[in-house]
Each structure stands twice: as structure tokens, then as C-alpha cells.
Amino acid sequence: MRKQQGVALITVLLVMAIIAVIATNLGTQLQRQVTRTASFEQSEQSYWMWLSGEAVLKEVLQQEIERNDGIVHANQNWAQRAGPFPVEGGQIAAQVKDLRSCFNLNSLAGTEQQGLSLEKRRKQFQQLLVSLELDAFQAESLAGALTDWLDSDSELSQSGAEDPDYEALPHPYQTANGLLFDVSELRMIKGFTAKVVQRIKPYVCAIPGNAELRINVNTLDEERAVLLVAVTQGKLTLDGAKQLIQARPEAGYESREELLQDSLLTGAQDGETGALDELAVSSEYFLLQAYIQWGSLETTARSVLRVTSGQARVVYRAMGED
């Protein structure tokens with residue numbers, strides 16, 4: 001009898017232990033599900049806040065550009081950092097950058113018909129790199145490698161790199177033969193080490209689907225005055241470029257003609273640099289950097305917007321820092 005009671009007690013204890021394990025597992029799974037649901041809700045809310053930021057920026061840009069007859073300058077409302085603004089459950093901040101105040105890497109894409117223009121772009125890019133204290137040989141190699149990455153053919157350009165250079169790597173791949181979407185893609189290109197990319201990153205950008213080089217003098221700050229040195233292929237000194245920006249009217253230059261009449265630029269126009277067609281006083285591409293905190297989730301997102309007459313649309317979106 002006592003033996004049977006002992007067996008029954010052990011059985012009861014085993015059943016209770018099993019129930020406890022099951023209950024613990026169920027509780028853990030439930031907690032994971034709750035956490036997963038909360039994270040999903042926070043992520044979804046952050047996404048909609050991001051889209052709301054885009055909508056507000058579209059409206060502001062359209063109004064500002066229309067009000068100023070297409071002229072874009074650094075004292076307009078879009079150029080002022082916004083936030084952080086508190087919202088129920090979190091906060092949002094935003095910063096907007098004119099993508100015509102940086103060197104568009106995609107401008108080094110070209111065809112045989114654009115040979116002269118492409119050679120000029122290469123020289124301008126090399127001047128930028130040299131002005132940023134890279135040596136001339138490295139600058140030429142980087143310009144060649146970038147050109148080969150962007151162009152649609154497989155012919156090796158001067159000092160460039162084509163498919164065989166990448167296919168011989170431990171983890172082989174091929175050139176994109178297309179435009180960049182993001183500056184981070186530079187790390188795939190021969191010679192663009194982390195150190196090089198970090199050095200040039202504040203001065204370059206990649207405008208999705210656009211291979212033009214336009215520098216809006218109205219939105220340049222003194223830190224990026226070196227872009228004017230690059231565009232003029234060194235004809236304008238860094239000190240001269242800074243003077244030009246310092247002397248800029250508060251509301252920017254009202255036209256390209258007014259800008260080019262500046263005495264600092266008249267001497268930079270010759271047969272080699274041309275009429276400085278790259279200089280502008282307007283813009284149509286803008287980068288939105290959104291910083292969103294919702295609950296315990298912090299998100300950084302960016303959007304590239306194109307603003308044309310009567311229309312503003314998003315052409316590129318990505319998560320993370322620029």
C-alpha cells in the first residue's frame with residue numbers, strides 16, 4: 001500500500017513538473033509574441049511618420065520654389081533643420097540636403113557621343129580628389145575605375161577597372177554597368193577603400209537615375225567650397241571659392257547670368273573649362289534625412305525627392321544613414 005502511494009506521489013510530481021515546463025514555454029512564447037507585435041507596431045508607426053515627413057517636405061519645397069520663381073537658396077525654409085518634434089509616443093526630426101550642392105558621381109557615366117563631356121567630368125572629379133589631399137595617380141585611378149563601373153560597355157578605360165579585375169577576387173563579381181543609387185556602393189569599386197570613401201563622402205552624392213553635374217552655388221556652404229575648385233578644374237582657388245560664397249546675396253543669386261558676372265568666376269572661364277555650364281542657382285533633387293523615435297525603436301531613414309513644375313515625387317528610399 002505504501003509502495004503504491006509512493007508511486008502515485010512520484011507520478012503527481014512528474015505531472016506537475018511537466019505542466020510547469022509547458023507553462024514556462026507557453027509564457028516565453030507569449031512574451032516573444034507580445035514583443036514581436038510591439039516591435040512590428042513601432043516599426044509600422046515609424047514608417048508612416050517617415051512618409052508624413054516626405055509629404056510635408058514635398059509641400060514646402062513646391063511652395064518655396066514656386067514663390068521664388070525656381071530659385072533655390074540656403075535661407076529658404078526647407079534648408080532649416082526641423083525638430084525634434086514631439087509626437088504621441090515618440091519624436092521626429094528631419095534634415096534636408098540639396099543634391100545639387102554635391103558632386104554627382106553618376107556624372108562620370110558617359111557614351112562615345114559624350115566623350116568630350118565625360119573627359120571633362122573625369123578631370124573635375126580628379127581635381128576634387130586632389131583638392132581633398134589624394135595624390136594625382138590615385139585620383140586618376142579612382143576616376144577611371146568609377147567610369148568603368150558606370151558605363152554600359154566592357155572596354156577598359158585609362159587607369160580603369162573592368163570585369164576581369166573583379167572576377168579575379170576571392171569573392172568574384174562584375175561591374176554594374178549602370179548608375180549608382182547610393183554612395184555606399186562605392187565600396188564595391190576598385191580603389192575605393194573605407195578610408196577613401198569616408199574622406200570624400202561629405203562632398204559627393206549619387207542621384208538615382210540622373211547623370212548630370214549641376215552645382216547650385218546658392219546652397220553651397222564654405223565647407224564644400226572645394227566643389228567650385230573642382231568644377232573650374234583649379235582655375236578658381238579655394239580661397240576664391242570661399243570668398244564667392246561669403247559674398248553671395250542673402251537670397252542667393254537670382255540667375256546664372258548674375259552669378260557668372262562675378263569677377264571671381266570670370267577668370268575661371270576659358271577654352272578648357274568652358275562656360276561653367278555646371279554652375280546653377282536652382283535645384284530639383286533633395287535628400288530627406290529623417291530621424292524617428294517611437295517607443296523603444298529608433299529609426300533613421302532617407303528619401304530622395306525630385307521637384308519639378310507642379311510635381312514632387314520620391315525617386316528613392318532607404319533605411320539607415322546616408
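Let's start with the second largest pocket, where 18 residues form the lining, and Gly 53, Val 56, Ala 82, Phe 85 and Ala 94 sit nearest its centre. Keep in mind, please, that this is a predicted model. Which elements give two or more residues to that lining? They are H1, E1, E2 and E7. Of these, H1 gives the most, with 6 residues. By residue type, the lining of this second largest pocket splits into 13 nonpolar, 4 polar and 1 charged. Its volume comes out at about 360 Å³.

Now over to the largest pocket, which holds about 630 Å³ of space. It is lined by 26 residues, and those closest to the centre are Gln 95, Val 96, Lys 97, Asp 221 and Arg 224. Strand E2, residues 90-98, and strand E7, residues 285-294, each provide at least two residues of this lining. The largest share is from E2, with 4 residues. And how does the lining of the largest pocket divide by type? Here we have 11 nonpolar, 5 polar and 10 charged residues.

Next, helix H3, which covers residues 136-150.

Last stop, His 73. You will find this histidine in the loop between helix H1, residues 2-67, and strand E1, residues 82-87. Is His 73 buried or exposed? Its relative accessibility is 8%, and the cut-off for buried is under 20%, so His 73 counts as buried. What does the side chain of His 73 reach at 3.1 Å? That would be the backbone nitrogen of Asn 75. Leaving aside residues up to four places away in sequence, His 73 also touches Asn 68, Trp 78, Asn 218, Thr 219, Glu 250, Ala 251 and Gly 252.

That's my tour, and I'm happy to go back to any part of it. Thank you!

Technical notes. Residues numbered from 1 in each chain as written. Predicted model: local features only at pLDDT ≥ 70, side-chain atom pairs only at ≥ 80, totals over all residues. Heavy atoms only, no water. Buried < 20%, exposed > 50% of the residue type's maximum accessible area, 1.4 Å probe, protein only. Polar contact = N/O pair within 3.5 Å; in protein donor to acceptor, adjacent residues only side chain to side chain. Contact = heavy atoms within 4.5 Å. Expected span 1.5 Å × (residues − 1). 1 Å grid on protein atoms, 1.4 Å probe; cavity = no way out; pocket = protein on both sides within 12 Å on 5 of 7 lines; lining within 4 Å. Points joined across faces, edges and corners; volume = space filled by probe spheres on them. Nonpolar A, V, L, I, M, F, W, Y, C, P; charged D, E, K, R; others polar.
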